[in-house]
Amino acid sequence: MRHARVRSFLWSFLLLGLTSCGGAEGPGTTEPDPPRAVSITVAQTSVTLSFIGATTALNASVRDQNGQLFAGTISWLSSDPTVVTVDAAGLLGAVQDGTATVTASSGSLSATVAVTVQQVATQLAIVSGDQQSSPVGQALPEDPVVRAEDAGGATVAGVSLAFAVSSGGGAVGSATVVTDAEGLASTSWTLGTTAGGQQVDVSIAGSPFPPIQLSATGIAAAASALAKASGDLQVGPLSLALSDPVVVQLQDEFGNGVPAAEVTFLVTGGGGSVSPAVATT
């Protein structure tokens with residue numbers, strides 16, 4: 001009987017202890033804190049786009065109180081869509097030069113990215129004035145015009161272009177020209193004094209990109225002199241044609257041969273005759 005009362009007491013004490021400790025299911029159990037979004041970050045803190053139409057994707061993530069990724073909805077907003085746009089997936093698009101702030105939001109959380117659109121000229125295009133012809137030593141009738149473009153083909157204003165004669169001699173009016181609001185630059189070109197092909201190279205000042213070439217053809221100026229070429233001082237039998245023809249060159253003031261002009265040959269002493277009496281250079 002005594003032993004039964006002791007056992008009953010021990011069981012009561014044990015149940016009391018379990019109740020006070022909460023047991024596996026008791027009221028003292030601590031429930032885990034459910035995940036909740038506490039931060040949002042964007043991988044890029046700043047972005048620079050170098051040509052109009054350039055795109056790049058921003059990457060944002062939301063994390064919970066334990067630093068784990070949280071499946072939150074992220075929205076995007078540009079402070080100035082006239083400079084840069086951003087779509088629902090975080091893809092940026094350059095519209096024009098300038099700066100803007102792009103914000104990623106998830107609920108009350110937000111993070112920002114500084115975006116700069118700054119065109120960089122990477123290529124040149126010939127607009128007009130290429131492959132002209134003009135008398136040597138004179139300016140071309142039309143000043144050549146070139147255009148500065150970024151990698152997307154958009155015009156770039158305010159770019160310094162270098163003009164330099166690379167063959168044929170001559171000179172350009174301005175060695176450096178800054179592109180205007182439409183990305184255009186132009187200068188005069190005076191040809192050298194040697195007839196034939198001539199060239200001017202145009203490059204983006206201080207840039208590693210290759211130049212473009214403007215070409216022109218120098219033609220002889222007005223005829224101003226005749227020069228002996230061959231056939232002078234020959235000796236031959238009377239009344240027979242000389243073995244070699246008599247050749248002269250019609251020249252301009254710079255010594256260039258003048259084509260498509262008539263030259264008259266006339267016997268002025270000793271008799272004899274020439275044939276033909278008029279020849280075209």
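A residue is called buried when its relative accessible area is under 20%, exposed when it is over 50%, and partly exposed in between (1.4 Å probe, protein chains only). The model is predicted; local features need pLDDT of at least 70, side-chain atom pairs count only at pLDDT 80 or more, and totals for chains, interfaces and linings use all residues. Residues are numbered from 1 along each chain as its sequence is written, and side-chain values use heavy atoms, with hydrogens and water left out.

**Figure 1. Overview of the chain.** Of the 281 residues in the chain, 27% are buried. The chain holds one helix and 23 strands; these are DSSP runs numbered from the N terminus (helices: H or I, at least four residues; strands: E, at least two). Contacts are heavy atoms within 4.5 Å. Among the chain's contacts with a separation of 6 or more, 53% join residues 24 or more positions apart.

**Figure 2. Confidence along the chain.** The pLDDT, the predictor's confidence in each residue from 0 to 100, averages 91 over the chain, and 90% of the residues score at least 70. Over residues 8-26 the pLDDT is below 50, and this stretch has five contacts in the model beyond near neighbours in sequence. Where pLDDT is low, the predicted coordinates should not be read in detail.

Figure 3. Asp252 belongs to strand S21, which covers residues 247-252. Although buried, Asp252 has no salt bridge, a term that denotes a side-chain nitrogen of Lys or Arg within 4 Å of a carboxyl oxygen of Asp or Glu. The nearest side chain of opposite charge is that of Lys228, 20 Å away; in this count Lys and Arg are positive and Asp and Glu negative, while His and the chain ends are not counted. The Asp252 side chain instead reaches the backbone nitrogen of Phe254 at 2.8 Å. Leaving aside residues up to four places away in sequence, Asp252 touches Val136, Ala220, Ala221, Ala222, Ala223, Ser224 and Val258.

**Figure 4. The salt bridges.** Side chains of opposite charge can pair when their charged atoms come close. Three salt bridges are found in a search of the whole structure. One joins Asp33 to Arg36, with an N to O distance of 2.6 Å; Asp33 is partly exposed at 49% relative accessibility, and Arg36 is partly exposed at 42%. In another, the side chains of Glu149 and Arg147 meet at 3.0 Å, N to O. Here Glu149 is buried, with a relative accessible area of 11%, whereas Arg147 is partly exposed at 25%. Lys228 pairs with Asp232, the closest N and O atoms being 2.8 Å apart. Lys228 is exposed at 68%, while Asp232 is partly exposed at 42%.

Figure 5. Ser275 and Pro276 are joined by a cis peptide bond with an omega of about -5°. Pro276 is located in the loop between strand S22 (262-264) and strand S23 (278-280).

Figure 6. Gln131 is not a glycine, yet has a positive phi of about 55°. This residue sits in the loop between strand S10 (123-128) and strand S11 (132-135), and Gln131 is exposed at 62% relative accessibility. Ala260, also not a glycine, has a positive phi of about 55°. Ala260 lies in the loop between S21 and S22 and is exposed at 66% relative accessibility.

How values were computed:
A polar contact is a pair of N or O atoms within 3.5 Å; within protein, one must be able to donate a hydrogen and the other to accept it, and residues adjacent in sequence count only if both atoms are side-chain atoms.
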